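Here's a friendly walk through one structure, with an eye on the ligand and what surrounds it. Take a look first, then read on.

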Amino acid sequence: MTWFTSPDDAAARLRGAGYLPDSATALTAFLAGALEKPVLIEGPAGVGKTELAKSVARATGADLVRLQCYEGLDEARALYEWNYKKQLLRIQAAGDQAWEETHDDIFSEEFLLTRPLLTAIRREEPTVLLIDEVDKADVEVEGLLLEVLSDFQVTIPELGTVTAARRPFVVLTSNATRELSEAVKRRCLHLHLDYPDPERETEIVTAQVPELEDGIGAQLVEVVARLRELDLKKAPSIAESVDWARTLIALHVDDLDAETISATLGVVLKHSSDRERAVKELRLSRAVRPGLP
Ligand SMILES: Nc1ncnc2c1ncn2[C@@H]1O[C@H](COP(=O)(O)OP(=O)(O)OP(=O)(O)O)[C@@H](O)[C@H]1O
Ligand SMILES: [Mg+2]
């Protein structure tokens with residue numbers, strides 16, 4: 001299957017699926033499909049890492065298989081496990097059947113519980129495999145990923161090696177809370193996502209909140225950009241810009257003055273110390289928007 005025919009095709013189809021990519025993102029999406037290489041997306045929270053994988057699936061009509069990583073994620077949750085309960089019942093029911101026969105029986109397909117990595121490898125329909133927040137998993141999980149990422153196969157000792165019938169489009173995301181192993185990095189294309197420029201962010205926000213007038217959308221994005229320059233605990237992401245736009249619509253606000261900003265700042269900044277800092281700094285500086293009181 002060809003995922004995308006060119007970077008322009010990737011850009012157009014991602015847009016069609018509601019994702020507004022920059023040129024590096026469209027290029028990487030095209031290459032990942034053309035070279036059948038996994039993409040590793042790094043960047044701060046809320047810049048569209050997870051959404052890109054979902055959008056590739058929507059844009060191409062593929063199904064999304066998601067492995068959410070967390071501390072303690074193990075092989076049994078990521079790859080497969082045997083259905084012990086069912087195996088036990090079969091052993092009990094076997095009576096005096098020869099053990100070899102029972103053994104072969106209970107380590108067969110019928111007793112296998114497949115988890116996302118194996119599911120994605122075995123699917124015959126087009127599949128996007130999202131391995132989300134891979135930096136949250138323990139380092140050992142990367143060992144499991146290597147076989148999947150480089151050979152698109154999984155080895156199950158009792159059943160043999162399962163090779164992908166059709167290679168999935170693989171997306172890994174990371175907030176870079178720790179460095180990933182060289183071996184994993186080497187196998188991936190890299191994409192760094194960051195906060196978009198004001199034009200693209202305005203476009204993203206108005207696409208998701210069409211009721212928002214262009215003028216106030218641009219104002220909002222400008223204030224958010226200023227907030228990101230402050231040294232905050234948690235800088236506002238695109239998701240916060242969108243939430244803020246929805247808030248302004250709900251409140252029937254049509255001008256983003258200082259009073260409205262401070263009254264609704266809780267939508268954008270989630271730490272009270274960040275809000276205090278923002279109120280102080282935005283008022284100190286009149287550069288947010290001419291005419292601020
Ligand atoms: N390029 C884009 N086009 C359209 N919407 C976008 C884009 N980038 C981000 N968004 C919006 O921002 C929201 C947050 O994005 P997403 O959940 O993908 O962030 P993330 O980078 O995975 O963050 P985290 O690291 O917290 O998981 C999405 O639900 C989407 O609405
Ligand atoms: Mg995410």
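An oxygen atom of ligand 1 lies 2.7 Å from an N or O atom in the side chain of Lys49. For Gln208, an N or O atom of the side chain is 2.9 Å from an oxygen atom of ligand 1. (A polar contact here is a pair of N or O atoms within 3.5 Å; within protein, one must be able to donate a hydrogen and the other to accept it, and residues adjacent in sequence count only if both atoms are side-chain atoms.)

This is a predicted model, where local features need pLDDT of at least 70 and side-chain atom pairs pLDDT 80 or more, while totals for chains, interfaces and linings use all residues. Side-chain values use heavy atoms, leaving out hydrogens and water, residues are numbered from 1 along each chain as its sequence is written, and chains are lettered from A and ligands numbered from 1 in the order in which they are written.

## The shell

So who else is around? Ligand 1 has 17 residues around it, and Leu20, Gly46, Lys49, Thr50 and Glu51 come nearest; being near takes a heavy atom within 4 Å.

## Domains

The chain's domain assignment, automatic or from a database, gives domain 1 (7–79 + 115–192), domain 2 (83–111) and domain 3 (198–282). Domain 1 and domain 3 each give at least three residues to the shell around ligand 1.
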